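Please look at the sequence and the model below before reading on.

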Amino acid sequence: MAAINAVTDLTVEGDIGVVTLNSPPVNALSAQVREGLKAAFEAAIADPAVQAIVLICDGKTFIAGADISEFGKAMTGPSLQDVQNTIENSPKPVIAAIHGTALGGGLEVALVAHYRVAVPSAKAGLPEVNIGLLPGAGGTQRLPRIVGVEKALEMVTSGQHVPAKAALAMGLFDSLVEEGALRDGAIAFARVVLAEDKPLAKVRDLNAKVEAARGKPEIFAEFRAANAKKFRGFLAPENNIKCIEAAVNLPFDEGLKEERRLFVELMSGSQSAAQRYVFFAERQAAKIPDVPDDTPTLPIKKVGVIGAGTMGGGISMNFLNAGIPVTIVEMKQENLDRGVGVIRKNYENTAKKGRLTQDDVEKRMGLLTPSMHLEDLADCDLIIEAVFELMEIKKDVFGKLDTIAKPGAILATNTSYLNVDEIAACTQRPENVIGLHFFSPANVMRLLEIVRGEKTDKSVVATAMKLSKTIGKVGVLVGVCFGFVGNRMLAQRQREAQKLILEGAMPWDVDRVLYDFGLPMGPFAMSDLAGLDIGWDPAKTSSSTVREVLCEMDRRGQKNGRGFYDYDEKRNAKPSADVEKVILDFAEQRQIQRREISDEEILERCLYPMVNEGAKILEEGKAIRASDIDIVWINGYGWPVYRGGPMFWGELVGLDKVLARMKEFQALHGDDFKPSALLERLVAEGKGFKDA
Ligand code: T1G
């Protein structure tokens, strides 16, 4: 065995040269890996004893892509294309042996090999689109030559990881070898190749599948139309599509040049910078400075959920999906039955779409135990209350749980706003109390705000963070304050939106500006969706806000066909002349002189106070880092990932510009716009939020 460099070695087994990479955690194509690969293949090609070459990786996966942490830095060592040319021009057969996930540049390296073999558990994909890029090492030119244009379009624009069996069926893999015996299987495959002594075929020379699509622009037009909504606002999907078009219409080397041009266009743009930032930010959110990775965690084998309403049902589904039994408790039989019925209906709807089998549905429902007695939660490891958002009710529940739950059980509240420390104080075990704030619909939204109480034990925090991964959520640790991180910042935007429609804008103006910015919907459409009458009391209503007046007019939102908008039977929204009149009358009664308000002012008035509130959250220590705040907004509120999150975006705008406008707005509209001390300091020092 010859050690080529610290991460690469070459061994010769009989007449097979085996190049092995070992660069944890994912064998990413760092400079060192590229150097090692180039040198190892040059050595194997030059060695007369070697007749064929196997490329394999140690650790958990085949090469999982270029080293994203190197982007934006001066490149050292051989380029990836240089390494690929060495492999692709080998006069000896090269077999890529794949386990784990061959992704991005990793799959692109495998595509310049002559053959690809894998274990059944392996996956392959070109997920560059998820970081705002495209496969920049020939993937867009080689992939369609193997799998065809339609599958290539799907793969490069979705970033999907294709399982080995499907990869074999589409020709991406040439053979599957026994699980756990990849090395031997690949060497045996190499020997068969030698015995067959076929001429070496390069993927770049396979033209049949791209030529078959030539002169059929409808393939691309239909794909674009079918995905317009999903790709809205993103730049990378379109550039990926253009690359596949180039593979169809241009000779290979011309196509490669077009791929390079479109790659550089994305790499130099802010969208990819934002999406690469989010890639690392999401992983950073799992790191808690004073709760090390080896903090002991508690086994969660049985969960109790109190409340079978929308939230309780959605929360329960997360655990059922992960195979964790749930006892769900309601006080009234009819509510319990309805809640269980909704859970079943949700699963059956998913099964109808083919994403679950009926057997899966029954398995999950079999893990659910309905009950009318809190006492049935006595053996649960974790109990989550999802009762009405009233402190008195929550305190009553926790007081009872304190006497019922077994020692060591974690007691969690799903409150969206309320003080977790106050709730914890109703028990003798505040160290076991934590907030688990799910976002509606709780079985869909990825965000889980994990609210750390003053006395919450580190093992409880560690358990909650680990559990978030188990149930497929993105857990972000936040501190106790009104609305924690997400809702506290949302309140800033909601307040400004309400003021703007009195000052001169209409709800549909504000919604359009925020929708065009990239949010899934604006504040007024969101209110109609949730229901204008949440928290509205007909007995106490006094026409004190536009929203109250609309409720008094029985305009409750989408649920009854009219709210801020009028809705047709397909729930298509249309601005309402009645609402416009309500707003104009409301402003007149309050002597508000309406004026023309620009889209730019709408955006700045709604978003800058959010950035400012994020800065306050940071200086109060209610979030560990600015990027955690961004992860909250991307996963909990649909902030466009290609804008990186409110804090990333604020820095992109320029904190100095944000501060200046906040001061202008403060002079005009009062202290709602008072800049945070942190924002003032960072601007004065010319720093960013990472220096907070
Ligand atoms: N570069 C650098 N670091 C990476 C990395 C990468 N490509 N992928 C993962 N890591 C780090 C990650 O930050 C974490 O670090 C650790 O590895 C474990 O990751 C030219 C231009 C492979 C499915 O987009 O999808 O190739 O936090 O927690 O859940 O065309 O990582 O431990 O310090 O995610 O088991 C294309 C991205 C790159 C794949 C494993 N490739 N990675 O998931 O572990 S661009 C990708 C993943 C490219 C070419 C283009 C996942 C994974 P730390 P993890 P995991």
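Q: How far apart do the end C-alpha atoms of residues 483–567 lie, and what percentage of the span is helix and strand?

A: Helices (H or I, at least four residues) and strands (E, at least two) are DSSP runs, numbered from the N terminus. The end C-alpha atoms of residues 483–567 are 31 Å apart, and the span is 52% helix and 4% strand. Before going on, please note that this is a predicted model, in which local features need pLDDT of at least 70 and side-chain atom pairs count only at pLDDT 80 or more, while totals for chains, interfaces and linings use all residues. Residues are numbered from 1 along each chain as its sequence is written, and side-chain values use heavy atoms, with hydrogens and water left out.

Q: Which feature does UniProt place at residues 483–567 and 602–687?

A: UniProt positions are given in the numbering used here, feature names are shortened, and annotations may be inferred rather than shown by experiment. The unreviewed UniProt entry places "domain: 3-hydroxyacyl-CoA dehydrogenase C-terminal" at these residues. In residues 602–687, the end C-alpha atoms lie 27 Å apart, with 72% helix and 0% strand.

Q: Is strand β4 mostly covered or mostly uncovered?

A: A residue is buried under 20% relative accessible area, exposed over 50%, and partly exposed in between (1.4 Å probe, protein chains only). Strand β4, residues 52–57, is mostly covered, with six of its six residues buried. One side carries A52, V54 and I56, the other I53, L55 and C57, and all are buried.

Q: In which sense does β4 pair with strand β3, parallel or antiparallel?

A: Two strands pair if DSSP finds at least two bridges between them. Strand β3 (residues 16–21) and β4 pair in the parallel sense over six bridges, and G17 stands opposite I53 in β4. From β3 the chain crosses through helix α1 (residues 31–46) to β4 in a right-handed β-α-β crossover. Right-handed means that, with the strands pointing away from the viewer, the path from the first strand over the helix to the second runs clockwise.

Q: How many bridges does β4 share with strand β5?

A: β4 and β5 (residues 94–98) pair in the parallel sense over three bridges. Here L55 stands opposite A96 in β5. Together with helix α2 (residues 80–88), β4 and β5 make a right-handed β-α-β unit.

Q: Which peptide bond involving P24 is cis?

A: Most residues other than glycine have a negative phi, and most peptide bonds are trans. The bond from P24 to P25 is cis, with omega near 0°, and P25 lies in the loop between β3 and α1. Another cis peptide bond joins S440 and P441, where omega is about -5°. P441 is found in the loop between β16 (433–438) and β17 (447–452).

Q: What is the phi of F484?

A: F484, a residue other than glycine, has a positive phi near 55°. This residue is in the loop between β18 (474–479) and α19 (486–503). F484 counts as buried because its relative accessibility is 0%.

Q: Why does Q591 count as exposed?

A: Q591 counts as exposed because its relative accessibility is 70%. Q591 lies in the loop between α23 (577–589) and α24 (599–619). Its phi is near 50°, a positive value in a residue other than glycine.
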